[in-house]
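This report looks at a pocket, a ligand and a few backbone features of one protein model. Please view the chain and its fold first.

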Amino acid sequence: MDTVIVPGRFVGRLVEDLSKRAGVEILDVSRKIFPDGEHYLRISNPDEVKGKVAVVVNTMYPRQNDALLETLMLADASRRAGANAVIGLITYLAYARQDKLFLPGEPVTGRLIVDSLGRIFDRVFVIDIHSPGLIEDNPLYSNLLFFDKLVEEIISKERVSDPLIVSPDLGALHRARWAAEKLGLDYDYLVKHRDRITGEIKIEPKTLEVDERDIVIVDDIASTGGTLALAAVKLLEAGARNIFVAVSHALLVHDTYNRIASSGIRRLYTLPTIGVRHEEELIRYVNIAGELAEIIKRAVY
Ligand code: R5P
């Protein structure tokens, strides 16, 4: 069945790479903002969607709220233009850290978003959702992890020896285990505590066999870099030789780059899930367009 890509605004070059690898056309979407601030969009040639599989490719950073609405609008427009099936490829799903009630009176925003997308798409692929529990009972969703590729890149490009994969907290342990088992490596984890009111994080003392080993810290998101910087400092204090990072979504807000650079982290490998936003020396992007193209082809045929 024929497939077309219906692109969101912030996915950048990834969508072009994906289109080339999958041999799938990217449709033009025209947009405007009304004087009162409301957004409008239109698939410029709706006939190109009719009878085809529409793959809406979008990310939810920056401008998470706009991106969420845009994703829903693109899916709705595709459906109304006569798509046979509407598939979402959401390279970064925002708000997934609010995956439960931490304090009374909160919403569970991650659940709201997962349910909203699930109502409008026939199938949704997300890359490394913060909390896989949000989608584990939902057959529409697939969570894509690329830590094998990220860690392999680190090992080959950085000449790492005797690597140990470490997750900075229990919540990311499944990522460390997944990568370690795929690549036949050792893994371990740290114990992190975050104050729900102030946001301050602490890493509790824990015995780790890191002496003279090269460490690869794996995590889903680097936002303020506080988690990675603290983990790196603790691991270096415990005797680790070099610290590398494999993180799916490098938001790196404000002056995070400097914080990471001064923490002793040798290099951070990431995916272009929110576009390629950092050109600094410490950051390396790993292209996953080929893998995403295969996943889309398998989902469609
Ligand atoms: C939290 O549990 C996440 O997995 C990340 O560790 C966290 O979001 C990173 O945030 P930051 O970079 O601000 O420490």
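The text below takes the pocket, then the ligand, then the backbone.

The model is predicted: local features need pLDDT of at least 70 and side-chain atom pairs count only at pLDDT 80 or more, while totals for chains, interfaces and linings use all residues. Residues are numbered from 1 along each chain as its sequence is written, and side-chain values use heavy atoms, without hydrogens and water.

The largest pocket holds about 920 Å³ of space. Two or more lining residues come from each of strand E11 (191-194), strand E13 (214-222) and helix H6 (226-237). By type, the lining has eight nonpolar, 11 polar and 12 charged residues.

A pocket here is an open set of points on a 1 Å grid over the protein atoms alone, where a 1.4 Å probe fits, with protein on both sides within 12 Å along at least five of seven lines; lining residues have an atom within 4 Å of a point. Volume is the space filled by probe spheres set on the points. Helices (H or I, at least four residues) and strands (E, at least two) are DSSP runs, numbered from the N terminus. Asp, Glu, Lys and Arg count as charged; Ala, Val, Leu, Ile, Met, Phe, Trp, Tyr, Cys and Pro as nonpolar; the others, Gly among them, as polar.

**Ligand**

There are 14 residues around the ligand, and Asp219, Asp220, Ser223, Thr224 and Thr227 come nearest; a residue counts if one of its heavy atoms lies within 4 Å. The table gives polar contacts, pairs of N or O atoms within 3.5 Å.

| Side chain | Distance to a ligand oxygen atom |
|---|---|
| Lys192 | 3.3 Å |
| Arg194 | 3.4 Å |
| Asp220 | 2.6 Å |

Taken alone, the ligand exposes 380 Å², of which the protein buries 91%; these areas come from the Shrake-Rupley method with a 1.4 Å probe.

**Backbone**

Tyr61 and Pro62 are joined by a cis peptide bond, with omega about 0°. Pro62 sits in the loop between strand E5 (53-58) and helix H2 (64-80).

Glu212, a residue other than glycine, has a positive phi near 60° and lies in the loop between strand E12 (201-204) and E13. For His254, also not a glycine, phi is positive and near 45°. His254 is in the loop between strand E14 (242-250) and helix H7 (256-261). His254 is exposed, at 80% relative accessible area, where exposed means over 50%.

Note on methods: Buried < 20%, exposed > 50% of the residue type's maximum accessible area, 1.4 Å probe, protein only. Polar contact = N/O pair within 3.5 Å; in protein donor to acceptor, adjacent residues only side chain to side chain.
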